[in-house]
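Hello,

Here is the structure we talked about. Please open it first, then read my notes below.

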Amino acid sequence: MPRLVGINHVALEVGDLEEALEFWSSLFEITQVWREPGMAFLDMGDQFIALAEGRTGGPDQSRHFGLVVDDKEAVREALEAAGAEVLPGRFLNFRDPWGNLIQVVDYRDIQFTKTDSVLRGMGLGELSKRPDALDELRNKGLL
């Protein structure tokens, strides 16, 4: 049987591509964007987020994806400054202007791991895991 290795990208439907690019750029440092008609691709080192124009449905209720960041509290501040809908609860969940539900997690707190060379290439070479995340990796035999 083939094995799951990772996620190359996530595609989000948005109502207006230019508005979506402005929204994402107000929250995060976007270093590179590729475009094709009706789509934009936001670089995340060895992965990317694809924004596809044309969303017409209502907001997501439980369907979401987890976005890994280097500073979760800085994201919270950027979301508040952008007027984004930050949902109550112990997680940092928010909706973009088109109803896509996104959960933000801090790289230092989870098992998700980038190689040292990818982190260096992204300018994040000093980013490291906290003890609980290291324990989680050890318990799975991944460290």
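Start with helix H1, residues 17-27. H1 lies across E1, E2, E3 and strand E4 (48-53), and runs at about 150° to E4. Helices (H or I, at least four residues) and strands (E, at least two) are DSSP runs, numbered from the N terminus. Contact means heavy atoms within 4.5 Å. Axes are lines fitted to C-alpha atoms, for helices over the stretch in contact, and angles run from 0 to 180 degrees between N-to-C directions.

A word on the source. This is a predicted model, where local features need pLDDT of at least 70 and side-chain atom pairs count only at pLDDT 80 or more, while totals for chains, interfaces and linings use all residues. Residues are numbered from 1 along each chain as its sequence is written, and side-chain values use heavy atoms, with hydrogens and water left out.

**The sheet with E1 to E4**

This open sheet has four strands in the order E1-E4-E3-E2, with mixed pairing. Two strands pair if DSSP finds at least two bridges between them. The edge strands are E1 (9-14) and E2 (33-36), each pairing on one side only. Neighbouring strands are turned by 20° against each other on average, direction ignored. E2 and E3 (residues 39-43) run antiparallel, joined by four bridges. Glu36 has Met39 in E3 as its bridge partner.

**The sheet with E5 to E8**

Another open sheet of four strands has the order E5-E8-E7-E6, again with mixed pairing. E5 and E6 are at the edges with a single partner strand each, so one side of each has no neighbour in the sheet. Four bridges pair E7 with E8 in the antiparallel sense. Arg95 stands opposite Leu101 in E8.

**The helices**

H1 also lies across E5, E7 and E8, at about 155° to E7. Its buried residues (under 20% relative accessible area, 1.4 Å probe, protein chains only; exposed is over 50%, partly exposed in between) are Leu17, Ala20, Leu21, Phe23, Trp24 and Leu27. They fall within an arc of 160° seen down the axis, so they line one face of H1. The arc is that of the directions from the helix axis to the C-beta atoms.

H2 (residues 72-82) buries Val75, Ala78 and Leu79. These cover an arc of only 100°, which puts them on the same side of H2. The face turned away from that side carries exposed Glu77, Glu80 and Ala81. H2 is followed by Gly83, whose phi is positive, near 75°.

Best wishes
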